[in-house]
Amino acid sequence: MTIQVFGHKSPDTDSTGSAIVWAWYLNEVKGEAATPVLLGEPNTEAAFMLKRWGFEKPAIIADVEADAPVVIVDTNNPAELPASINSADIRAIIDHHKLVGGLETKGPIDITVRPLACTATIMHDLMGTDADRMPEDIKGAALTCILSDTLEFRSPTTTPHDRAVAEKLAIDLGLDIADYAAEMFAAKSDVSAFSDAELIRMDSKEYEVDGTKFRVSVLETTAPEIPLGRKDSLMETFKTVQAEDGVDQVLLFVVDILKEEATLLVPNDLVKAVAEKSFGATVEGDLVVLPGVMSRKKQIIPNLKV
């Protein structure tokens with residue numbers, strides 16, 4: 001059977017691109033039939049990557065069949081994976097997030113979790129010298145993933161190794177990193193076609209703190225005025241998303257890539273308390289700016305308090 005390679009729900013650039021990169025490696029280097037798939041519509045930056053490098057959008061699947069061979073990338077969290085994931089035949093996990101627990105496998109598998117900013121960086125390392133065999137489109141996908149997850153090296157998750165791999169790929173492709181990243185971020189910032197609920201869920205993870213279930217959403221943009229101009233309708237839509245998704249509260253952070261800061265929408269006293277306890281902020285009104293906060297994985301999730 002063909003191995004399905006996929007990342008998390010609400011697929012971002014790394015989750016989309018790394019599935020494509022690893023499926024190529026399994027097919028072309030390891031000689032194993034594999035195909036990338038998605039667990040939802042890719043975000044605007046991931047869609048840009050697909051078009052820029054000439055990929056067809058991978059098929060979107062709702063669930064996995066029992067005993068279907070799969071490789072999981074860019075997550076190890078069952079909440080971000082198909083409902084039947086534990087009935088599938090998980091062959092490998094490649095990730096850069098903390099271990100969550102809850103996945104079950106049919107037998108021993110290859111698991112690689114490394115403290116790097118991007119799954120594609122890990123894949124480049126795992127390939128070894130075979131990485132040199134990557135064609136231009138696969139190198140382009142890998143570079144896009146790294147620049148996305150590091151926010152062009154601005155994110156505190158960035159390591160020197162992520163940067164070195166990205167710079168090598170850019171040289172191979174004849175690309176100027178600053179120019180290419182500007183194209184990427186412009187695509188990411190164009191959210192005009194999305195509903196409020198789609199924006200909230202576009203780059204979002206569920207996380208529980210002391211019994212309170214949060215949907216922690218991030219919008220990374222070079223034009224923060226666009227989503228912030230919709231703050232009233234976004235905060236009203238929080239209620240709908242909370243009811244539909246079974247969470248207690250939405251936390252929406254609008255990350256200004258260029259200013260290197262996040263703005264948290266504050267619809268009520270619960271979120272006000274979270275902002276003050278978690279980030280030492282003083283909240284006045286329905287917005288609070290958090291200087292230097294850019295990473296959900298490293299700066300937001302680990303600091304959340306209720």
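The model is predicted, with local features requiring pLDDT of at least 70, side-chain atom pairs counting only at pLDDT 80 or more, and totals for chains, interfaces and linings using all residues. Residues are numbered from 1 along each chain as its sequence is written, and side-chain values use heavy atoms, with hydrogens and water left out.

An open sheet contains 6 strands in the order β3-β2-β1-β4-β5-β6, with parallel pairing. The edges are formed by β3 (59-60) and β6 (110-113); each has a single partner strand, so one side of each lacks a neighbour in the sheet. Strands are DSSP runs of E with at least two residues, and helices are runs of H or I with at least four, numbered from the N terminus; two strands pair if DSSP finds at least two bridges between them. Strand β2 (residues 34-38) pairs with β3 in the parallel sense over 2 bridges, and Val-37 has Ala-59 in β3 as its bridge partner.

Helix α1 (residues 13-28) lies across β1 (3-6), β2, β4 (69-73) and β5 (89-95), and runs at about 170° to β2. Helix α3 (residues 119-127) lies across β4, β5 and β6, at about 105° to β5. Axes are lines fitted to C-alpha atoms, for helices over the stretch in contact (heavy atoms within 4.5 Å), and angles run from 0 to 180 degrees between N-to-C directions.

Asp-196 belongs to helix α7 (residues 196-202). Asp-196 counts as buried because its relative accessibility is 14%, the limit being under 20% relative accessible area (1.4 Å probe, protein chains only). Not counting residues up to four places away in sequence, Asp-196 touches Arg-230, Ser-233, Leu-234 and Thr-237. The side chains of Asp-196 and Ser-233 make a polar contact at 2.9 Å; such a contact is a pair of N or O atoms within 3.5 Å, where within protein one must be able to donate a hydrogen and the other to accept it, and residues adjacent in sequence count only if both atoms are side-chain atoms.

Conventions. Buried means under 20% relative accessible area, exposed over 50%, partly exposed in between (1.4 Å probe, protein chains only).
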